Amino acid sequence: MWKVPNDPAVTMDSFKTVLRFLTDQKATIGYGFMAILTIGGERIFSMVSFNCPCNHSQNFAYGITFLLGPAVVLFTVGLFVSSRLWRLYTGCCLNPTKLCPRGNCLHCCAMLLKILGGACVAPIMWLCVALLNGTFYECAVSGLDDNLVVPLLCKNKTRLCREELARVPCGRSKLPTNENMELLLMFRAQSQILGWAIIITAAVMGLISTCYRNCRSKVSYLQLTFWKRYMEKEREKFDTFAVDYANQLAARNMKSFFENKAPDSFPFPNHRAWEEISELYTFTRSEQYYSTLQRYVERHDRDYNPEKRPVLDMEHGIEMT
């Protein structure tokens with residue numbers, strides 16, 4: 001019988017291997033976790049809060065609200081949590097040139113498309129899950145009163161179909177049982193077809209955009225892989241250094257306040273340095289850096305003069321709480 005080795009070094013190596021795998025696959029795991037939450041949320045909405053009113057005047061508005069409302073909320077949340085969006089948008093009202101650093105408008109537009117594409121992942125998941133289930137779509141479509149759509153839905157049905165269509169999702173229509181079931185199955189089929197159409201379209205568009213981006217890449221595949229690794233590590237190191245320096249600055253200020261003496265000198269990047277490393281990076285063959293931070297620190301003419309008092313400019317009413 002196989003036994004787990006007792007050697008701590010072997011155990012630690014195994015743990016590091018698993019941790020490295022999870023780190024490498026964090027995007028896939030994140031999307032999987034998002035899909036599980038989306039499915040769970042849709043089921044909760046369907047069973048707990050959704051209750052189709054089953055009348056012509058309210059069905060469409062009620063069904064479409066449950067179908068598209070959460071998608072809009074998820075899209076908004078996706079924009080809120082996008083660091084790229086805030087890196088691009090912060091300060092652009094006072095300095096519009098920050099939207100297109102170095103005058104590269106094409107890069108700015110491409111970045112905006114990436115931001116919008118990333119924010120669309122969760123809404124698309126919601127729409128796909130909701131349409132594959134069909135509950136919201138059934139309610140919305142049964143409330144249509146369009147002279148073009150309704151005759152198609154009630155084709156080869158009794159005259160009561162148009163009047164009783166809104167009551168079909170609730171099972172309270174006066175239609176014969178076979179017609180009622182046929183309409184329900186038709187609504188469900190249409191909803192699932194739309195769901196699969198969105199899934200296929202999203203998959204194809206994702207593949208095409210990835211192929212196009214890689215085809216237009218100015219670096220090789222291995223260098224691009226290294227570039228991605230570097231950006232991940234730089235973000236991790238920046239967060240670590242930011243926390244460390246924030247702790248040091250807070251401790252220095254507390255010490256100065258409570259000991260009632262002048263604060264010690266504290267080296268701090270100046271405002272221009274923060275502006276430069278906050279720009280969206282544009283790769284050029286003449287400057288083969290991997291980020292705006294690397295481009296800044298390797299400049300020969302960089303300004304080493306620190307901020308004597310690292311504080312925010314409150315001229316425009318900026319308030320940090």
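User: Is the crossing of helix 3 and helix 5 left-handed or right-handed?

Analyst: This is a predicted model, in which local features need pLDDT of at least 70 and side-chain atom pairs count only at pLDDT 80 or more, while totals for chains, interfaces and linings use all residues. Residues are numbered from 1 along each chain as its sequence is written, and side-chain values use heavy atoms, with hydrogens and water left out. A crossing is left-handed if the near helix is turned anticlockwise from the far one by less than a right angle, and right-handed if clockwise. By that criterion, the crossing of helix 3 and helix 5 is right-handed.

User: Which residues make the contact of helix 3 with helix 5?

Analyst: Contact means heavy atoms within 4.5 Å, and helices are DSSP runs (H or I, at least four residues) numbered from the N terminus. Helix 3 contributes L74, F75, G78 and L79. From helix 5 come I115, L116 and A119.

User: How is helix 3 oriented relative to helix 6?

Analyst: Axes are lines fitted to C-alpha atoms, for helices over the stretch in contact, and angles run from 0 to 180 degrees between N-to-C directions. The axes of helix 3 (residues 59-80) and helix 6 come within 8 Å and cross at roughly 160 degrees. Angles over 145 degrees count as roughly antiparallel, so helix 3 is, relative to helix 6, roughly antiparallel.

User: How many residues of the contact of helix 3 with helix 6 are nonpolar?

Analyst: F66, L67, L68, P70, A71, L74 and F75 of helix 3 meet A122, P123, W126, L127, A130 and L131 of helix 6. Ala, Val, Leu, Ile, Met, Phe, Trp, Tyr, Cys and Pro count as nonpolar, Asp, Glu, Lys and Arg as charged, and the others, Gly among them, as polar. No polar and no charged residues take part, and the nonpolar ones number 13.

User: How far apart are the axes of helix 5 and helix 6?

Analyst: Helix 5 (residues 105-119) packs against helix 6 (residues 121-133) at an angle of about 35 degrees. The contact involves G117, G118 and A119 of helix 5 with V121, A122 and P123 of helix 6. The axes are apart by 4 Å.

User: Which helices do the buried residues of helix 11 pack against?

Analyst: Buried means under 20% relative accessible area (1.4 Å probe, protein chains only). The buried residues of helix 11 are L224, W227, M231, E234, L249, R252 and S256. They pack against helix 10 (177-215) and helix 13 (292-297).

Notes:
Buried means under 20% relative accessible area, exposed over 50%, partly exposed in between (1.4 Å probe, protein chains only). Helices (H or I, at least four residues) and strands (E, at least two) are DSSP runs, numbered from the N terminus. Angles under 35 degrees count as roughly parallel, over 145 as roughly antiparallel, 65 to 115 as roughly perpendicular and the rest as oblique.
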